[in-house]
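Hi,

Here is the model I said I would pass on.

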Amino acid sequence: MSEVIYMNHPLIKHKITMLRDERTGTNEFRKLVEEIAMLMGYEAFSDLETTDVRIKTPVEETVQPVLAGKKPAVVPILRAGLGMTGGILSLLPNAKVGHIGMYRDEKTHQPHVYYDKLPPFIDERLVVVVDPMLATGGSLIDAVDEIKRQGGKRIKCLCIIAAPEGVRAFTEKHPDVQLYVGALDRCLNENCYICPGLGDAGDRIFGTE
Ligand code: PRP
Ligand code: URA
């Protein structure tokens, strides 16, 4: 059963519009990506389990909830996913961080893995995969394939902008993974760029255009 959750918060919508604007420079773009990731994470983590612990306040002893289970793993898809990592870590400061390096071949648009390093005991952690763009879906599909191959079971993916083509391909391949989408755009163009989109997320985050 596939689960795609579309963000409906006015702050997320506003910030995504700022992100799309071609006049938004690298510094502002980076800040916005981080802030949007944090706002999306806030929504995406509303179902995390808690467990009760006994603590002492300055007034009395009490039993109160804390997050249950092993520390989560945040896994940015390089490069552009790195821009979202700080936002997620501000919510889950104890999380481990794994990396999956992928690039799309400019001619074939096929994804290629060039690096991958995940935290140990990945099967016991919530895995939060972050990548601002879901275009054809190829990169995210391959990244989740790799995480599952290494044992990942409970996976949430956060993408700021998605094309319908990418959402369809991803949910067909990974119906068991929760996909959080900041904005669903119209379509892909002939170069597999999202329309209206925001251009090349990696180049805009790192100023490498
Ligand atoms: C972008 C983006 C995704 C991918 C999405 O990365 O960050 O990883 O494209 O496209 P897809 O859904 O068609 O696979 P890119 O390949 O441009 O690499 P970069 O982040 O290093 O710039
Ligand atoms: N990757 C990007 O950075 N932008 C797109 O529009 C599609 C893929």
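**Helix packing**

In α1, Leu11, Ile12, Lys15, Ile16, Met18 and Leu19 meet Phe29, Leu32, Val33, Glu35, Ile36, Leu39 and Met40 of α2. Contact here means heavy atoms within 4.5 Å; helices (H or I, at least four residues) and strands (E, at least two) are DSSP runs, numbered from the N terminus. Sorted by class, that contact between α1 and α2 has 11 nonpolar, no polar and 2 charged residues. For the classes, Ala, Val, Leu, Ile, Met, Phe, Trp, Tyr, Cys and Pro count as nonpolar, Asp, Glu, Lys and Arg as charged, and the others, Gly among them, as polar.

Before going on, the ground rules: this is a predicted model, where local features need pLDDT of at least 70 and side-chain atom pairs count only at pLDDT 80 or more, while totals for chains, interfaces and linings use all residues. Residues are numbered from 1 along each chain as its sequence is written, chains are lettered from A and ligands numbered from 1 in the order in which they are written, and side-chain values use heavy atoms, with hydrogens and water left out.

The crossing of α1 and α2 is left-handed, meaning that the near helix is turned anticlockwise from the far one by less than a right angle, with clockwise being right-handed.

α2 (residues 26–44) also packs on α3 (residues 82–91), with axes that come within 7 Å and cross at roughly 45°. α2 and α3 are therefore oblique to each other, and their crossing is right-handed. On the α2 side you'll find Val33, Glu34, Ala37, Met38, Gly41 and Tyr42, which meet Gly83, Met84, Gly86, Gly87, Ile88, Ser90 and Leu91 in α3. By class, this contact of α2 with α3 has 7 nonpolar, 5 polar and 1 charged residues.

Further along, α4 (residues 138–149) and α5 (residues 164–173) pack at about 20°, their axes 9 Å apart. That makes α4 roughly parallel to α5. Here Leu140, Ile141, Val144 and Asp145 of α4 meet Ala169, Phe170 and Lys173 of α5, a contact with 5 nonpolar, no polar and 2 charged residues.

**Strands**

β2 (residues 50–56) and β3 (residues 61–67) run antiparallel, joined by 7 bridges (two strands pair if DSSP finds at least two bridges between them). A hairpin of 4 residues connects β2 to β3, and lysine 56 stands opposite glutamate 61.

β6 (residues 99–104) has two partners worth a look. With β4 (residues 73–78) it runs parallel through 2 bridges, and leucine 78 has glycine 101 as its bridge partner. With β7 (residues 111–117), β6 runs antiparallel through 6 bridges, and arginine 104 stands opposite proline 111. The hairpin of β6 and β7 has 6 residues between the strands, and histidine 109 there takes a positive phi near 65°.

**Overall**

The protein has 6 helices and 13 strands.

Cheers

Note on methods:
Axes fitted to C-alpha atoms, helices over the stretch in contact; angles between N-to-C directions. Parallel < 35°, antiparallel > 145°, perpendicular 65-115°, else oblique.
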